[in-house]
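The sequence and structure are shown first.

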Amino acid sequence: MTHGRTVGVAALATLVALTGALVAVAVAAPRHRAHSRVTARIVHRHSFAPSAARAPQISLGGAVTSVPAGQVSTDPASDPGPDPTTTTTTNTMTTSSTTTGPPALPHRVGITENDQGSLTLKASAVTIATGAITFVVANAGADPHDFSIDDASGHTITQTLIDSKKGANVPVTLAPGTYKLYCSLPGHALAGMQRTVKVQ
């Protein structure tokens with residue numbers, strides 16, 4: 001009889017222990033699920049919220065630079081600017097090169113007239129291309145000068161007056177031949193303000 005009571009007490013103790021464990025699990029489970037939901041919401045907000053420190057990505061490729069109107073080069077005879085008929089292509093994969101002939105003659109020619117010390121007319125090229133030509137002329141002198149072009153027969157093709165420290169783009173169309181570039185003011189060409197160019 002005593003043995004039966006002992007077995008019964010032991011079984012009751014085991015049942016109580018199991019019941020306590022199940023209650024503990026039942027209480028802890030909602031807390032765990034709530035914590036998981038809170039953590040998920042925090043992670044979600046952190047993953048998709050915009051970062052204030054993130055700098056905008058700006059592409060500068062293909063940016064266009066404008067030259068202010070009226071800006072005059074001080075010495076276009078040294079650098080008339082890019083020839084409008086010339087295109088430069090860079091190919092980083094080129095493994096060999098071929099020579100196709102001499103460089104093309106310019107369609108853009110810089111002219112600098114000056115009266116400081118002596119009368120001069122300088123040109124960036126003396127052999128130029130046939131057809132449409134732009135003369136980029138700058139008067140670097142203290143007095144007004146003009147820019148004139150005569151053909152081989154002495155016929156004046158163009159004549160443009162340019163004030164001191166000013167410039168002008170003078171477009172002309174020239175056939176093959178020899179031309180005189182000069183200032184037509186009295187005595188200026190004879191004093192050195194002239195240049196002969198060949199068009200071919």
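## Basis and overall burial

A residue is called buried under 20% relative accessible area, exposed over 50% and partly exposed in between (1.4 Å probe, protein chains only). By this criterion, 23% of the 200 residues of the chain count as buried. The accessible surface of the chain comes to about 14100 Å², and 60% of this belongs to carbon and sulfur atoms; such areas come from the Shrake-Rupley method with a 1.4 Å probe, and for residues only the protein chains shown count as cover.

The model is predicted: local features need pLDDT of at least 70, side-chain atom pairs count only at pLDDT 80 or more, and totals for chains, interfaces and linings use all residues. Residues are numbered from 1 along each chain as its sequence is written, and side-chain values use heavy atoms, with hydrogens and water left out.

## Confidence

The predictor's confidence in each residue is given as pLDDT, from 0 to 100. Its mean over the chain is 72, with 53% of residues at 70 or more. Residues 38–69 have pLDDT below 50, and this stretch makes 0 contacts (heavy atoms within 4.5 Å) beyond near neighbours in sequence. Where pLDDT is low, the predicted coordinates should not be read in detail.

## Strands and sheet

The chain has 1 helix and 9 strands; these are DSSP runs numbered from the N terminus, helices being H or I of at least four residues and strands E of at least two.

An open sheet of mixed pairing is formed by 5 strands in the order β3-β9-β8-β5-β6, where two strands pair if DSSP finds at least two bridges between them. β3 (127–128) and β6 (156–162) are the edge strands, each pairing on one side only. Strand β5 (residues 145–150) runs antiparallel to β6 and is joined to it by 6 bridges. S148 stands opposite Q159 in β6.

A nonpolar core is a set of buried Ala, Val, Leu, Ile, Met, Phe, Trp, Tyr and Cys residues joined through side-chain atoms within 4.5 Å. The largest has 23 residues, of which I111, I128, I133, F135, F147, L174 and L181 touch the most other members. Elements giving two or more residues to this core include β1 (108–114), β4 (131–139) and β7 (167–174). Leaving aside residues up to four places away in sequence, I128 touches residues including L105, I133, F135, L174 and V197.

H188 lies in the loop between β8 (177–182) and β9 (194–199). H188 counts as buried because its relative accessibility is 17%. Not counting residues up to four places away in sequence, H188 touches L119, H145, C183 and M193.
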